[in-house]
Amino acid sequence: MTAISTAPSVTYPASRHRITKVMRLHLVNRLTYIGIPWIITGVALIVSIVVALLIVAASVPGADRQQALEGMGYSWAVLSPLWYLAVVGVQAVSAVFPFAMSFSITRREYALGTLLTYLVIAAFNAAGWAILTEIERAINASGVVFHHFTALWLADVGVGTVWLSLFSLQVLIFAVTSAFAAVHARWRAMGMLVLWVAVALVVLGLIAIAVLTGAAPPLIEWLIGLPTASFFAALLIPAALAFGLGWGALRGASLRG
């Protein structure tokens, strides 16, 4: 007689399909992940253009006008779409997680699909903003002084570093906010209170150690001396830790609203 194997069949393709389904669930309403961030980008750009036109139209000497336009390089308007992404990270857990579970998707598959969605969206947005930064550089090179995308550190680094910095910031925001939402989904208000207290104690403890041991000045000098690309690449470490915290919380989270 031939032995009949009772080992479970390999279900990797099915698992990959469910991970892809999670990504599709996130992107059912593309306005959330793509539309609104780019609407905010457009509105912020229009505001910057209006401010620049008002500066040019003002009856001020040429040198003062040039200085005012250069001062737009300190504007945080270029980062305005990022703050909205905090809402996206919360919605990814509060709205999509219970819905995904109803499709017989495992929590592990949900976590992987969500992470891939974050990475794809962050890469896409960062690429678009990096391209616009290069277009603005070309405009400035033609003699028309204007700063929106070429503001803050983005004015002094290459296109690759622009992409990396904006990519890392998005992933960090996604990971941190979804981690907080996951903690709330599992432990509710008490979990949020404990998490906030723990974060505050850790931050204060690190600051106290740095100050009392005299390590603060060299640490600050070291951070300032870091290449921009290295600094923003390092942000992916706390992003990974935050995502791990969120995944751990979701493993036992209730599906109730």
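**Close-ups of a predicted model**

Leucine 152 sits in the loop that runs between H5 and H6. That is where our tour of this predicted model starts.

**View 1. Leucine 152 in the loop between H5 and H6.** Take a look at the backbone here: phi of leucine 152 is near 55 degrees. That is a positive value, and this residue is not a glycine.

**View 2. Arginine 188 in helix H6.** Here's another positive phi in a residue that is not a glycine: for arginine 188 the angle is about 60 degrees. This time the place to look is a helix, H6.

**View 3. H5 packing with H6.** How far apart are the axes of H5 and H6? They lie 8 Å apart, and the two helices pack at an angle of about 145 degrees. The crossing of this pair is right-handed. As for who takes part in the contact of H5 with H6, sort the residues by class and you get 16 nonpolar, 4 polar and 2 charged.

**View 4. H6 packing with H9.** H6 and H9 pack at an angle of about 35 degrees, and their axes are 8 Å apart. H6 passes H9 in a left-handed crossing. On the H6 side, the residues that meet H9 include Phe167, Val171, Ala175, Arg186 and Trp187. On the H9 side, look for Pro238, Phe243, Gly246 and Leu250, which are among those that meet H6. By class, this contact of H6 with H9 has 18 nonpolar, 3 polar and 1 charged residues.

**View 5. The largest cavity.** The count of cavities of 30 Å³ or more comes to 1. About 100 Å³ of space lies in the largest cavity.

**View 6. What the lining of the largest cavity is made of.** Which helix gives the most to this lining? That's H9, with 5 residues.

Methods. Residues are numbered from 1 along each chain as its sequence is written. This is a predicted model: local features need pLDDT of at least 70, side-chain atom pairs count only at pLDDT 80 or more; totals for chains, interfaces and linings use all residues. Side-chain values use heavy atoms; hydrogens and water are left out. On a 1 Å grid over the protein atoms alone, a cavity is a set of points where a 1.4 Å probe fits but cannot get out, and a pocket is an open set with protein on both sides within 12 Å along at least five of seven lines; lining residues have an atom within 4 Å of a point. Grid points are joined across faces, edges and corners, and a volume is the space filled by probe spheres set on the points. Helices (H or I, at least four residues) and strands (E, at least two) are DSSP runs, numbered from the N terminus. Ala, Val, Leu, Ile, Met, Phe, Trp, Tyr, Cys and Pro count as nonpolar, Asp, Glu, Lys and Arg as charged, and the others, Gly among them, as polar. Axes are lines fitted to C-alpha atoms, for helices over the stretch in contact, and angles run from 0 to 180 degrees between N-to-C directions. A crossing is left-handed if the near helix is turned anticlockwise from the far one by less than a right angle, and right-handed if clockwise. Contact means heavy atoms within 4.5 Å.
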